[in-house]
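Reader: Could you walk me through this structure? I would like to begin with the contact between the chains.

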Amino acid sequence: MTSQQDSQERTSCPVIIRFDHAWFGFPGVVALEDISLSIHAGEFIGIIGPNGSGKTTLCRAVLGLLAPLKGQLRIFDCACEELRCHHRAQIGYLPQKGVVDRDFPVTVFETVMMGRYGALGLFRRPGPQDRRIALESLALVAMERYRDVALGSLSGGQQQRVLIARALAQQPKVLLLDEPTTGLDLPMQYNVLDLIQHLHKTLRLTVLLITHDINMIRSRVDRLVLLKTRLYAHGPPADVLKPDILEQVYGRGLIFSDSNLVFVGDYHHSP
Amino acid sequence: MLELFTYDFMQRSLLAAAIVGALCSLIGVFVVLRGLAFVGAGTSHAAFAGVTLGYLVGWPPLPLAIAFGVATVWITGWLEEQGRMKLDVSIGILYTATMALAIMFIGFMRTYNPEVYGYLFGSVLSVTGEELFLIGGLAVLELSLLALFWKELLFIAFDQEMAEASGIPARSIFFLLLTLIALTVVVALKTVGAILVFAMVLIPASTAYQLTHSLTTLTLYSVLIGTATAVTGVIVSTVWDIPSGPSIVLLAIAVFFFSLLISPKRMKHPLGSSRP
């Protein structure tokens, strides 16, 4: 089956996240305006845009941490304001590098076990089944032999793998990754993206990946979502990565190479 | 010296010190990991204001200490949650405000009351049977809450937003943690006093932090160190006739500096943490 057929098949799957003219922000600041977007089960979506374009706001909204100011956001057919704990546990989340204290005194296994806590709910203690799921999650990211090692002593790429395993231990339907390759060297960036792509295919996860690196994800995703406060474009990478569309968002910072690679500067405050 | 342990007051003191030492060092794990040291320090002074008000108006001091302590941490947590003020700023303001109230209440008292100063400087050797019963009751309540919400407390200490995103009611658990800190401070107030109580919360967990990379081991070490230094501190204070609060705290600090010397985190090839 070709990747295009694959993608078409996915868009016939049920919608699990639906933005309907949704506006998001904070008191006095609108971070995202009038977003209408449907995400189908099993899709691999890349979310791109300059700094300050609202990517992380979108991420917080999908996590149910931010309700829309106007419009609607439905996740698993539930309004995000009414999202219950068990709904949230179905979204595995990898935060931006630096959000987690890497020196926190915790072993790899203890970190991954935390992924079970939300799924278990209050008052229930992790049992042998949860430990088995945690170990399986570690095996999925090929980190099982580091289970008793301190999280802080691992390299950046290995820590990302462990945090992905923590998200997988939730047995999520959706994997939400906020700039998972930031701060990693180039081989490790490919390594982490290959892992995410592998998990997407083998576990049939819906993946939402926020990134600045357009070239690294363009061949991996089904659709790209291009943000700059509002939704500028979304669709297959070939439809979104057009000079006229990108220029509207990135302005003067945009360069197309001969090999059709896109390089963007950080002009997020420029018109 | 063994004769000391046959006295009722000594048995009460040792039991109170053991309970308080264990409880403080247990809650201290979350205080250290979540970076709430100043909150605890502020709470102890707020609780002392409650004690002074109790003595001034003739009400039982401990319930008022709980009310002042809990109100202070809740207001602090609420201000931070609303994004109006950083936690250390709001606790700094409430800390000085409640201390000012305490001094004012003491000023209103017509006679010198040594019991008030017992709460300020600590007097574990004068713990009564009734106070021990209250300390024990509060400790049981706290331990039950800690046991019930252990995994959630650990997760919010690791990363509150990630915990919330994973389906943990993180905001409620954070307020529970603040409440537990306030209750612990009140439980320990009589033992080491308002000025030093927070050392009992902070130092054992900070010492354990130097010695391990595992959360489970950290908790175990913290409780062992907290209980041992509290009990030993009481014995030392009785044998050498020195105040009990400073005796416990200085002993804990000595253990902390020793842990810095032997910490695997400061060695070139840390045990159990070698980069693979």
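Author: Please note at the outset that this is a predicted model. The contact draws 30 residues from chain A and 26 residues from chain B.

Reader: Which elements give two or more residues to the side of chain A that touches chain B?

Author: They are helix H3 (85–88), strand E6 (91–94) and helix H4 (108–120) of chain A. H4(A) supplies the largest share of that side, with six residues.

Reader: And how does the side of chain A that touches chain B divide by class?

Author: On that side, 21 residues are nonpolar, seven are polar and two are charged.

Reader: Staying with chain A, what does its secondary structure come to?

Author: Chain A has ten helices and twelve strands. Of its 271 residues, 45% count as buried. Among contacts in chain A between residues at least 6 apart in sequence, 65% join residues at least 24 apart.

Reader: Let us take single residues. Where does A:Ala169 lie, and is it buried or exposed?

Author: A:Ala169 sits in the loop between helix H6 (156–168) and strand E7 (174–178) of chain A. A:Ala169 is buried, since 27 other C-beta atoms lie within 10 Å.

Reader: Which residues does A:Ala169 touch, not counting those up to four places away in sequence?

Author: A:Ala169 touches A:Val112, A:Gly115, A:Arg116, A:Ile133, A:Ala134 and A:Ser137 on that count.

Reader: Why does A:Glu179 count as buried?

Author: A:Glu179 has 20 C-beta neighbours inside 10 Å, and a residue is buried if that number is 20 or more.

Reader: Now the nonpolar core. How many residues are in the largest one?

Author: The largest nonpolar core has 171 residues, and those with the most contacts inside it are B:Val20, B:Ile181 and B:Met200. Helix H9 (residues 170–211) of chain B gives the most to this core, namely 28 residues.

Reader: What is B:Met200 in contact with, leaving aside its neighbours within four places in sequence?

Author: The contacts of B:Met200 on that basis include B:Val20, B:Gly21 and B:Cys24, and also B:Ala188, B:Val192 and B:Ile248.

Reader: How do H6(B) and H9(B) pack?

Author: Helix H6 (residues 129–148) of chain B packs against H9(B) at an angle of about 160°, and the axes are 10 Å apart. The two helices are therefore roughly antiparallel. The crossing of H6(B) past H9(B) is left-handed. The residues of this contact comprise nine nonpolar, one polar and three charged.

Reader: Which residues of H6(B) meet H9(B)?

Author: Among them are B:Ile135, B:Leu138 and B:Glu142 in H6(B), which face partners in H9(B) including B:Leu180, B:Leu183 and B:Lys190.

Reader: At what angle do H1(B) and H6(B) cross?

Author: The axes of helix H1 (residues 8–34) of chain B and H6(B) cross at roughly 25° and come within 10 Å. That angle makes H1(B) roughly parallel to H6(B). The crossing is left-handed. The contact of H1(B) with H6(B) has ten nonpolar, two polar and two charged residues.

Reader: And how do H1(B) and H9(B) pack?

Author: H1(B) and H9(B) have axes 6 Å apart and an angle of about 60°, so they are oblique to each other. This crossing is right-handed. By class, the contact of H1(B) with H9(B) consists of 21 nonpolar, six polar and one charged residues.

Notes:
Residues numbered from 1 in each chain as written. Chains lettered and ligands numbered in written order. Predicted model: local features only at pLDDT ≥ 70, side-chain atom pairs only at ≥ 80, totals over all residues. Core = buried A, V, L, I, M, F, W, Y, C linked by C-beta atoms within 7 Å. Buried ≥ 20, exposed ≤ 12 C-beta atoms within 10 Å, placed from the backbone. Helix = DSSP H or I, 4+ residues; strand = E, 2+ residues; numbered from the N terminus. Contact = placed C-beta atoms within 7 Å. Axes fitted to C-alpha atoms, helices over the stretch in contact; angles between N-to-C directions. Parallel < 35°, antiparallel > 145°, perpendicular 65-115°, else oblique. Left-handed = near helix turned anticlockwise from the far one by under 90°. Nonpolar A, V, L, I, M, F, W, Y, C, P; charged D, E, K, R; others polar.
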